Amino acid sequence: PYPADIAKRQVELRSHRAQIERCARDLGWPLGADDEFTARLPNRLLRSKLQALAQQHGRLEAAVTSAATALEKQQTANSDAEVELGSIPLSEPSAAISDALAAARRLGDVQSRSDSLQRARRTSEAEADAALATLAPWTGDAETLQALKVPSPAALTDLRARIELAQGSLRRARDQANDKSEALARARLRVAQIQRDDSPVAVEELTDARSGRDRSWEVIKQGIQNDDLERARGEVAPFEASMTLSDDLSDRRFERAAQSADFTRSRHEVEHLELEAAAAESKAADQVRERDSVLAELTTIRDRLGLPSGTIGELEEWVRARTTALDKLRGRDDSVATLEAFQAEFEGAIDGLRQALGAAAIPASSSTLDAFNTLVGLAESLIAEQQGHAQQRKAIQRQLERGRKDIATLEGNLQQAEASVEKWKADW
């Protein structure tokens, strides 16, 4: 060997001895002879086991440190979460505010709905006024119009039928009376023409002349029988005159037998037509009374309704116009009621929000719609804030629950690591 190598080896030996002495001091062994020191050293099997234990020591200590650090970190996180949980207001969403807000939201678009209902009311009022105008000259309010005792359509139809029947019967009776009057006039004209042109002798005329002759003869005969000659002589001249007249009429009737028969027939026809004309006029008068009676019913109805005189058709048209007007009035009332109900619901929603949020939630000078929108916004913000707080608390509570479970697990891990260290110490 080279001298340099000897010196180098000597340095290494001194270094190893210093290390051995340090380890002996650490172990509490006394520094003696090398043989004593060597006798204290474990055998090869024990040294292998000690070496294995020595290698485990660092890992076990690291496991304990890691478990303790993780446990401390989780405990700190749980503490921070509990502090944060305590800082969040403990408040659930208010049921009163939620109910008031739900009632407000059910109104929908308040401005649009209000405008729509206002337009509907104005339209229905205009239609109702126009419908009432069609009832002129009748005037009155809706209650008076509703209270009118108006005949039913069936009753008006029946009255129309009876009026038309009475008027038709009257027209036919008048036509018949006119026909009879014209026929009578023609018959009378025929009699006058025969008298003027043919001078016929009617059997009645001849009969009257002979009756006058016979009466005069009876007077003369009774005067002679009763010796009342003065009376008999006074009747001689009339008797002779009536005899002459009857003889003349008899001769003339015989000479103009055809004209006389025609004359007689014509006079009989005149008498017959006079009876028929009188009957026709009487029937026409009856039909006039019947028509007037039916028309009186129409007049009574119109008077009861406060309407001037008019036809049955005009009355039927007015009744239909009344039905339309009542429908329009009901439509107007419905639209007004709907608007008022909406306004009441709207005001109720505002009052509900005021009570839920507090009377001083909005300025007193705010308009109704502005107040409503402000209250809805405040309620939505408050509900959202309360819901956010509740969600934050639930999230932190879930985090704490998980943290507590993690702490229990980490504590078990730490206990297990510490138990492993204690076992290692016992094994060492």
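The stops below begin with model confidence and then turn to helix packing and individual residues.

**Before selecting**

This is a predicted model, in which local features need pLDDT of at least 70 and side-chain atom pairs count only at pLDDT 80 or more, while totals for chains, interfaces and linings use all residues. Residues are numbered from 1 along each chain as its sequence is written, and side-chain values use heavy atoms, with hydrogens and water left out.

**Stop 1: confidence**

Colour the chain by pLDDT, the predictor's confidence in each residue, from 0 to 100. The chain has a mean of 82, with 89% of its residues at 70 or more. Select residues 34-40, helix H2, where confidence is lowest at a mean of 69; then select residues 110-133, helix H5, where it is highest at 91. Helices here are DSSP runs (H or I, at least four residues), numbered from the N terminus. Where pLDDT is low, the predicted coordinates should not be read in detail.

**Stop 2: H4 against H12**

Select helix H4 (residues 95-106) together with helix H12 (residues 312-357): the axes are 9 Å apart and the packing angle is about 160°. Axes are lines fitted to C-alpha atoms, for helices over the stretch in contact, and angles run from 0 to 180 degrees between N-to-C directions. H4 and H12 are therefore roughly antiparallel to each other, a term for angles over 145 degrees. H4 passes H12 in a left-handed crossing, meaning that the near helix is turned anticlockwise from the far one by less than a right angle. Show the side chains of Ala96, Ile97, Ala100, Leu101 and Ala104 in H4, which meet Ala349, Gly352, Leu353, Ala356 and Leu357 in H12. The residues of this contact comprise 9 nonpolar, 1 polar and no charged. In this scheme Ala, Val, Leu, Ile, Met, Phe, Trp, Tyr, Cys and Pro count as nonpolar, Asp, Glu, Lys and Arg as charged, and the others, Gly among them, as polar.

**Stop 3: H4 against H13**

The crossing of H4 past H13 is left-handed. On H4, Ile97, Ser98, Leu101, Ala104 and Arg105 meet residues of H13 including Phe372, Val376 and Glu380.

**Stop 4: H5 against H12**

Which angle do the axes of H5 and H12 form where they cross? The angle is roughly 155°, and the axes come within 8 Å. H5 and H12 are therefore roughly antiparallel to each other, and their crossing is left-handed. By class, this contact has 12 nonpolar, 7 polar and 7 charged residues.

Now select Leu132 in helix H5. Its C-alpha atom is separated by 5.8 Å from that of Ala325, 193 residues apart along the chain. Leaving out residues up to four places away in sequence, Leu132 touches Leu145, Ala325 and Leu329, contact being heavy atoms within 4.5 Å.

**Stop 5: a cis peptide bond**

Move to Pro137, in the loop between H5 and helix H6 (142-147). Most peptide bonds are trans. The bond from Ala136 to Pro137 is cis, with omega near 10°.

**Stop 6: Glu235**

Finally, select Glu235, in the loop between helix H9 (229-234) and helix H10 (236-255). Neighbours within four places in sequence aside, Glu235 is in contact with Ser216, Val219 and Ile220. The side chains of Glu235 and Ser216 make a polar contact at 2.8 Å. A polar contact is a pair of N or O atoms within 3.5 Å; within protein, one must be able to donate a hydrogen and the other to accept it, and residues adjacent in sequence count only if both atoms are side-chain atoms.

How values were computed. Helix = DSSP H or I, 4+ residues; strand = E, 2+ residues; numbered from the N terminus. Parallel < 35°, antiparallel > 145°, perpendicular 65-115°, else oblique.
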